[in-house]
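Please open the structure in your viewer and keep the selection panel at hand. The tour below goes from stop to stop, saying what to select and what is there.

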Amino acid sequence: MVSTTAAIIASAQRTGGRLLARPGTSGRSPVGGPAHARPALLAILAVAALLFTWDIQHSGYHAFYAQTARSMSESWKGFLFGSFDPGNSITIDKLPGFLWPQALSARIFGFHPWALTLPQVIEGVLSVAVLYRAVRRWAGESAGLLAATAFALTPAGAGLFRTQAEDPAFTLLVLLAADATLRAARLRPLLAAGIWVGLGFQAKMLEAWAVLPALGLLYVVSAPTVLRRRLGHLAAAGAVCLAVSASWVLLVTLTPAKDRPYVDGTTNNSAISQVVGYNFLTRFSSLGIDAKDTGSVAAQTMAGTAPTEPGHGHAATQWAKMVGPSLASQVGWQYPAAALAAVCGPVWLRGRPRTDPLRAGFLLWGVWLATYFLVFSAGAVGGHTYYMGVVAVPLAALFGAGTVQFWRAWRKGSGARTWALPVAVVTTVAWSTVVAGQYPTFLPWLAPAAIILGAGALALLALSRTDGAERARRRIAVLGLGLAVAAMLGPSAAWAASVLDPAYGHSGMGSAGPVSTWHHHNAQQRTFSAPPAARNAGGKAPKSTDGLDEDQQRLLAYTRAHQDGATYLFATTSWRSAAAYLLYAGAKVLPMGGFTGAAPTPTGAQFRHLVATGRLRYVVLGGAVTVPGRTNAEWVRAHCARVPLQTSRLYRCAPRSAATLP
């Protein structure tokens, strides 16, 4: 933030307060721009790299994703299909594209927590650089630097690019699509944008398509060609996007079921059901969609809770969650400034030609922000902070370009537009105090500091309007601008910097500050795991039994000693029961039922065939038998012998017990 403020002052002094670069300079590199551009950009990237990499040698594992990455790193079949287990019995419950970089990193560096986090760090730094390039091309050098700074100092971003989740890759890919579209004066860049969105689909499925309205509207409104050609170009780019998006789904669909893993999250072993049903339609409970109609397991099973009864209170809470403290503190510090920019930009530029790139850019980022705001507000499942990277992108872009526009209006010194900069400062600082006030014991000095900086900025801006030498008044105004930027970005920066504190830096949920500790506590009840053995000094790889308690080690040793040529060491009734053995020992364990436990795999006949042919000898039971994926436990209790191995509910199933198959 300091480097950006200094760059703003340097740019303002060089240009006499005219911060907005000509759109025609879009092809220039930082080397060809102002002298401060390259050092400022390098400083921003260095800060981003520091936040994203700090203490990653002590990263924890995301239990579900890390296990899948390990299985994918051990066989190319598992890599291609996204197998959750080394035996390639079932896929992860999402498309595996976001895990491909992690699996490759594990192949290169070995299976360590930091090796799984490293690709996301790289994706994060690249995202900052791409956002800078896109905004600089659109709105000028200073806007690009401001946007990059705001993005790097967003708490959700500082936490996001330290995780093993889907969104780091997804955020980078849709940013690349926006960058390509902003320079799409002809077909080739637009086709590249279609490819980037298609690859984003491999990381985040249908959520990637939510950016298409913004990209398409940008091109159809502002591309310098006739409407018929614009529509033709969009159709071609859409076809490319669809082809790349559907590639993995098509691969799975055309591969015989016997030659690939079962598709998790579905009741019909269909990749289409996984993408459209399980990961999209059933997450919007307000639509009243029955999971059975989509070929997917129930959405409620994913969270392990019963569906919330609809009502006015529930609806109000759902639609207000983007401004609630847990998300606003991670991504929403610049809501007022960005909203003001999204309105003022198009309005102020409404008299310009259709092809004006500056006006079109405000349209792009404004529609992008509104679309994802609505998507996450409407979704029944969507409160994770690591989802917010795609919201932080347009917020940062609008903040950067909006601040530049507000500054230009202030420097002109006449009309209602003059008040835009003071209004942005006042509303953003006021909103920051509200958000910070939700966490009174965390950084209690934060709100007063923002208020003091904001008041100082307003005082200097007002002082610059008094009588005096032009040069002195200009310097005072520039100092006021610097304080204004510090006041608006300071609270976000302070929360983002909390990832440098070990108490807040390893939530795994893409969050920073006290929200991260809440997520870490609740994550233990869901899918995240960061046991002490995963955090050895120096990031050393876990030994074969590190991360397992004494009972688990005893069970592992017993089943290995008595495996007798079986394909699987043992089967379990849920992925959680298999988690530690897959993650820390790389054991070939069969997790029945997939992520939710409700996927019908293996079926009863398949399970008994595994036993009858000697491919499976042991089963570990755990939890209540309440969903279809666990009903094999009833047969095990009736036909298999309990092994007296202390607390482990281990059963040995002899081949003859399943010799008579249905």
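Begin by selecting residues 389–412, which form helix 20, a run of 24 residues that reaches 35 Å from its first C-alpha to its last, close to the 34 Å expected at 1.5 Å a residue. Bear in mind throughout that this is a predicted model. If you show the surface around helix 20, you will find that the helix is mostly covered, since 21 of its 24 residues are buried. Step on to Gly-413, the residue that follows helix 20, and note that its phi is positive, near 75°.

Next, select residues 357–378, which make up helix 19, and within them pick out Ser-377. Is Ser-377 buried or exposed? Its relative accessible area is 2%, so Ser-377 counts as buried, the cut-off being under 20%. Now display the backbone of Phe-373 as well, because a polar atom of the Ser-377 side chain lies 2.7 Å from the backbone oxygen of Phe-373. As a general point, an α-helix has 3.6 residues a turn, so residues three or four places apart point the same way.

The cysteines make the next stop. How many disulfides does a search of the whole structure find? The search finds 1 disulfide, and it joins Cys-640 to Cys-653, with a distance of 2.0 Å from S to S. Cys-640 sits in the loop between helix 28 (632–639) and strand 4 (641–645), while Cys-653 belongs to the segment after strand 5 (648–652), so the pair ties together parts that are 13 residues apart in sequence. Turn the view to look along the S-S bond of Cys-640 and Cys-653, where the angle of 105° makes the link right-handed. Both Cys-640 and Cys-653 are buried.

Finish at the second largest pocket, which holds about 580 Å³ of space. To centre the view there, select Ser-89, Arg-260, Tyr-568, Thr-601 and Gln-606, which lie nearest the centre of this pocket among the 26 residues that line it. Then colour strand 2 (589–591) and helix 27 (604–612), the elements that give two or more residues to the lining of this pocket; helix 27 gives the most, with 3 residues. Colouring the lining of the second largest pocket by residue type will show 11 nonpolar, 10 polar and 5 charged residues.

How values were computed. Residues are numbered from 1 along each chain as its sequence is written. This is a predicted model: local features need pLDDT of at least 70, side-chain atom pairs count only at pLDDT 80 or more; totals for chains, interfaces and linings use all residues. Side-chain values use heavy atoms; hydrogens and water are left out. A disulfide is a pair of cysteine sulfur atoms within 2.5 Å. Helices (H or I, at least four residues) and strands (E, at least two) are DSSP runs, numbered from the N terminus. Buried means under 20% relative accessible area, exposed over 50%, partly exposed in between (1.4 Å probe, protein chains only). The expected span of a helix is 1.5 Å times one less than its number of residues. A polar contact is a pair of N or O atoms within 3.5 Å; within protein, one must be able to donate a hydrogen and the other to accept it, and residues adjacent in sequence count only if both atoms are side-chain atoms. On a 1 Å grid over the protein atoms alone, a cavity is a set of points where a 1.4 Å probe fits but cannot get out, and a pocket is an open set with protein on both sides within 12 Å along at least five of seven lines; lining residues have an atom within 4 Å of a point. Grid points are joined across faces, edges and corners, and a volume is the space filled by probe spheres set on the points. Ala, Val, Leu, Ile, Met, Phe, Trp, Tyr, Cys and Pro count as nonpolar, Asp, Glu, Lys and Arg as charged, and the others, Gly among them, as polar.
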